[in-house]
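These are my notes from a first look at this protein. I set down each item in the order in which I looked it up.

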Amino acid sequence: MSVDRVEEVEDAEQGIAVTATASATTVRYYSVAPGVRLNVRSGPGTTYSIVDVLSEGAKVAILCQTPGTTITGPYGTSNIWDSIANGKYVSDAYVNTGSDGYIRPRCSV
């Protein structure tokens, strides 16, 4: 994808940073809960291995979402897991999406 211009705008009310490009593609970045170092797992659940840890204040782009282990976190109890990269998942209960449901397409198997 070729990008002529990138603009990032912080939505203070939702805690969401939005990055917009001059092309038709818009990527949204969502804030991880304040004060949390979030484990990134290889699959949608706590039985999957930890492959990375997000630092406090991290923002993530959600590629797709899938059901997995139910987790209780700062943003409620959810079985939704967010794919943030190929083979990298975080619990949606720790990501401020502004919704208790799916906000992105379901991940394909």
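I began with what counts as a strand: a strand is a DSSP run (E) of at least two residues, and strands are numbered from the N terminus. With that in hand, I placed S91 in strand β9, which covers residues 88–91.

Entry on confidence. I noted that the model is predicted. I looked up the confidence and found a mean pLDDT of 85 for the protein, with 76% of its residues at 70 or more. I then marked residues 1–10, where pLDDT stays under 50 and the model has 24 contacts beyond four places in sequence. I also marked residues 19–23, where the pLDDT is below 50 and the model shows 17 contacts beyond near neighbours in sequence.

Entry on the overall make-up. I counted nine strands and zero helices in the protein. Read from the N terminus, the order of elements is therefore written β-β-β-β-β-β-β-β-β, under the numbering of DSSP runs. I recorded that 38% of the 109 residues count as buried. For the accessible surface I wrote down about 6,300 Å², with 47% of it belonging to carbon and sulfur atoms. Among contacts with a separation of 6 or more, I found that 41% join residues 24 or more positions apart.

Entry on the cores. Which residues touch the most other members of the largest nonpolar core? I listed V32, L38, L54, V60, I84, V90 and V95, out of 13 residues in that core. I also noted a second, separate core of six residues, which includes C64, I71, A93 and C107. I then followed L38 and, leaving aside residues up to four places away in sequence, found that L38 touches V32, D52, V53, L54, V90 and Y94.

Entry on S91. Is S91 buried or exposed? I read a relative accessibility of 4% for S91, and because buried means under 20%, S91 counts as buried. Residues up to four places away in sequence aside, I found S91 touching I71, I80, W81 and D82. One of these, I71, I had already listed in the second core.

Entry on T97. I located T97 in the segment after β9. The relative accessible area of T97 is 10%, so T97 is buried.

Methods. Residues are numbered from 1 along each chain as its sequence is written. This is a predicted model: local features need pLDDT of at least 70, side-chain atom pairs count only at pLDDT 80 or more; totals for chains, interfaces and linings use all residues. Side-chain values use heavy atoms; hydrogens and water are left out. pLDDT is the predictor's confidence in each residue, from 0 to 100. Contact means heavy atoms within 4.5 Å. Helices (H or I, at least four residues) and strands (E, at least two) are DSSP runs, numbered from the N terminus. Buried means under 20% relative accessible area, exposed over 50%, partly exposed in between (1.4 Å probe, protein chains only). Accessible areas come from the Shrake-Rupley method with a 1.4 Å probe; for residues, only the protein chains shown count as cover. A nonpolar core is a set of buried Ala, Val, Leu, Ile, Met, Phe, Trp, Tyr and Cys residues joined through side-chain atoms within 4.5 Å.
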